[in-house]
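Subject: Structure for you to look at

Hello,

Please find the structure below, with its sequence. My notes on how the chains meet follow after it.

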2 protein chains.
Amino acid sequence: MQVKNIFDDIKIDKSAEQFISLIDTKNIKIEKIVSNGQKSKEDFWYDQEENEFVILLSGDAIIEFENSEVQLKKGDYLNIDSHRKHRVKYTNENEPTVWLAIFY
Amino acid sequence: MQVKNIFDDIKIDKSAEQFISLIDTKNIKIEKIVSNGQKSKEDFWYDQEENEFVILLSGDAIIEFENSEVQLKKGDYLNIDSHRKHRVKYTNENEPTVWLAIFY
């Protein structure tokens, strides 16, 4: 039985976020995402077919919606309904922000 | 947009584990589980219809399989296939063990 640790192999990469697929089936995808200060481009909005449950496991972030935003710290989670437009407005530049995202 | 923290409202309950449903749809269930030293009964094995992706977010635990066992610490995750028999052999008695389990 293979056990891995979500905090292993965290790259400090200022040039790009890392998206690591942990589970990928017809009904569900689980991704580890590592941000190092990256944010969505100014005019970019995620507009996803799937619902997304996301939990922040280290670092800090701000997710922006069309009429609101939420600050996230370690342990914070939220559920983003499909087609609820959102973008990453901020991630911590000084320590990696580790996300676990479940798309369903 | 409602944000909650997985480490809020952690009960120290030596009498029973807490199972808190976070997402419950046809295809997927996401549960927060809090253990305080509880373990599966001696002759009990989980034998689930669903696959289970589980990550330990605080505390310590041992999951036992029929021919092996794994020790889990903060950040460790594993995928347990459906009908792979398993039981919780140990959870830390001195601090809460917080699990995020995704059944799919």
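There are 8 residue pairs in polar contact between chain B and chain A, counting pairs with both residues at pLDDT 80 or more. The pLDDT cut-off applies as this is a predicted model. The count of salt bridges between chain B and chain A is 0.

On the chain B side, several strands take part: β1 (4-5), β2 (18-24), β4 (52-58), β6 (69-72), β7 (76-80) and β9 (97-103) each supply at least two residues to the side that touches chain A. Of these, β7(B) gives the most, with 4 residues. Sorted by class, that side of chain B has 19 nonpolar, 6 polar and 5 charged residues.

As for extent, 30 residues of chain B are in contact with 30 residues of chain A. The size of an interface is often given as the accessible area lost when the parts come together. Here the area buried between chain B and chain A is about 2800 Å², and carbon and sulfur atoms give 74% of that area. Three residues, Met1(B), Val3(B) and Tyr77(B), supply 25% of the area that chain B buries against chain A, more than any other three residues.

Strand pairing also runs across the two chains. Strand β7 of chain A (residues 76-80) pairs with β1(B) in the antiparallel sense, over 2 bridges. Within this pairing, Asn5(B) in β1(B) has Asp76(A) standing opposite.

Regards

Definitions and conventions:
Residues numbered from 1 in each chain as written. Chains lettered and ligands numbered in written order. Predicted model: local features only at pLDDT ≥ 70, side-chain atom pairs only at ≥ 80, totals over all residues. Heavy atoms only, no water. Contact = heavy atoms within 4.5 Å. Buried area = accessible area lost by both parts, 1.4 Å probe. Salt bridge = Lys/Arg side-chain N within 4 Å of Asp/Glu carboxyl O. Polar contact = N/O pair within 3.5 Å; in protein donor to acceptor, adjacent residues only side chain to side chain. Nonpolar A, V, L, I, M, F, W, Y, C, P; charged D, E, K, R; others polar. Pairing = 2+ DSSP bridges.
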